[in-house]
Amino acid sequence: MIYIVYVLVTLAVFVLMELVAWATHRWVMHGFLWVLHRDHHEPHDGKLEKNDWFALFFSIPSIGCCYLGNRSSNPWLICVGLGILLYGIAYFLAHDVIVHQRVKWFCRSRNRYIRQLRWAHKMHHKHLERKKGESFGFLFVEKKYRDKIKNDEELQQKS
Ligand SMILES: [Zn+2]
Ligand SMILES: [Zn+2]
């Protein structure tokens, strides 16, 4: 029974991480650490970006929680660490693979959620400067972007 609670706590941390990522993107990456995020909004040739430092930063609390949880035999800390890790993996798949195609997987997918993700993040990248911006989330797609994809599908079906 307790294992179900562990899974639920891990999933809750995963969901919470989308809020943390949204707030970090909105207020930190587009705030005082814009210097590290900027190159992600600009055209560039290099494979690596300064922006990749954020993935490294986010891995620290995950590794830290798993390590400390393991050392002190605290399963709750391990759940938190795993929740952050799972979010990191999902973030990488959604943002770096599906949207930016740094790895060429799912390139031809017509899946509705994948198209929503791409559109929502495209709207984020439409803004090149620090202050103006929209669509700061990564996995959760706001209604207006979901509606746009739905309307496109309906138009396509009619034609
Ligand atoms: Zn941004
Ligand atoms: Zn991006």
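In what follows, Ala, Val, Leu, Ile, Met, Phe, Trp, Tyr, Cys and Pro count as nonpolar, Asp, Glu, Lys and Arg as charged, and the others, Gly among them, as polar. The model is a predicted one, in which local features need pLDDT of at least 70 and side-chain atom pairs count only at pLDDT 80 or more, while totals for chains, interfaces and linings use all residues. Residues are numbered from 1 along each chain as its sequence is written, chains are lettered from A and ligands numbered from 1 in the order in which they are written, and side-chain values use heavy atoms, with hydrogens and water left out.

Donors here are N, O and S atoms within 2.8 Å of the metal (3.2 Å for Na, K and Ca); water is not among the atoms, so sites may look incomplete. Distant parts of the chain are linked by the pair His 25, in helix α1 (residues 2-32), and His 124, in helix α5, which lie 99 residues apart. Helices (H or I, at least four residues) and strands (E, at least two) are DSSP runs, numbered from the N terminus. Both His 25 and His 124 are buried, where buried means under 20% relative accessible area, exposed over 50%, and partly exposed in between (1.4 Å probe, protein chains only).

The zinc ion (ligand 2) is coordinated through NE2 of His 40, His 95, His 100, His 121 and His 125, at 2.0 to 2.3 Å. The spacing of its donor residues in sequence is H-x54-H-x4-H-x20-H-x3-H. Here the pair linking distant parts of the chain is His 95 in helix α4 (residues 75-99) and His 125 in helix α5 (residues 112-125), 30 residues apart. His 95 counts as buried because its relative accessibility is 3%, and His 125 is buried as well, with a relative accessible area of 17%.

On a 1 Å grid over the protein atoms alone, a cavity is a set of points where a 1.4 Å probe fits but cannot get out, and a pocket is an open set with protein on both sides within 12 Å along at least five of seven lines; lining residues have an atom within 4 Å of a point. Grid points are joined across faces, edges and corners, and a volume is the space filled by probe spheres set on the points. The structure holds one cavity of 30 Å³ or more, and the largest cavity has a volume of about 30 Å³. Its lining consists of Ala 94, His 95, Val 99, Leu 117, His 121 and Phe 138. Helices α4 and α5 are the elements that give two or more residues to this lining, and α4 gives the most, with three residues. By class, the lining of the largest cavity has four nonpolar, two polar and no charged residues.

The largest pocket has a volume of about 470 Å³. Of its 24 lining residues, Phe 54, Ala 55, Phe 58, Gly 88 and Tyr 91 lie nearest the centre. The largest share of this lining, eight residues, comes from α4, and the lining divides into 15 nonpolar, six polar and three charged residues. The second largest pocket, of about 260 Å³, is lined by residues including His 40, His 100, Gln 101 and Lys 104. The lining of the second largest pocket has no nonpolar residues, five polar and five charged.

Some individual residues complete the picture. Arg 118 lies in helix α5 and is buried, with a relative accessible area of 19%. A polar atom of the Arg 118 side chain lies 2.9 Å from the backbone oxygen of Ile 98. Asn 51 sits in the loop between α2 (34-37) and α3 (53-71) and is buried at 5% relative accessible area. Leaving aside neighbours within four places in sequence, the residues in contact with Asn 51 (heavy atoms within 4.5 Å) include His 37 and His 40.

Two serines have positive phi values. Ser 73 has a phi near 50° and is placed in the loop between α3 and α4, where it counts as exposed because its relative accessibility is 64%. Ser 135 has a phi of about 55° and belongs to the loop between α5 and α6 (143-158); Ser 135 is buried, with a relative accessible area of 7%.

Methods
Polar contact = N/O pair within 3.5 Å; in protein donor to acceptor, adjacent residues only side chain to side chain.
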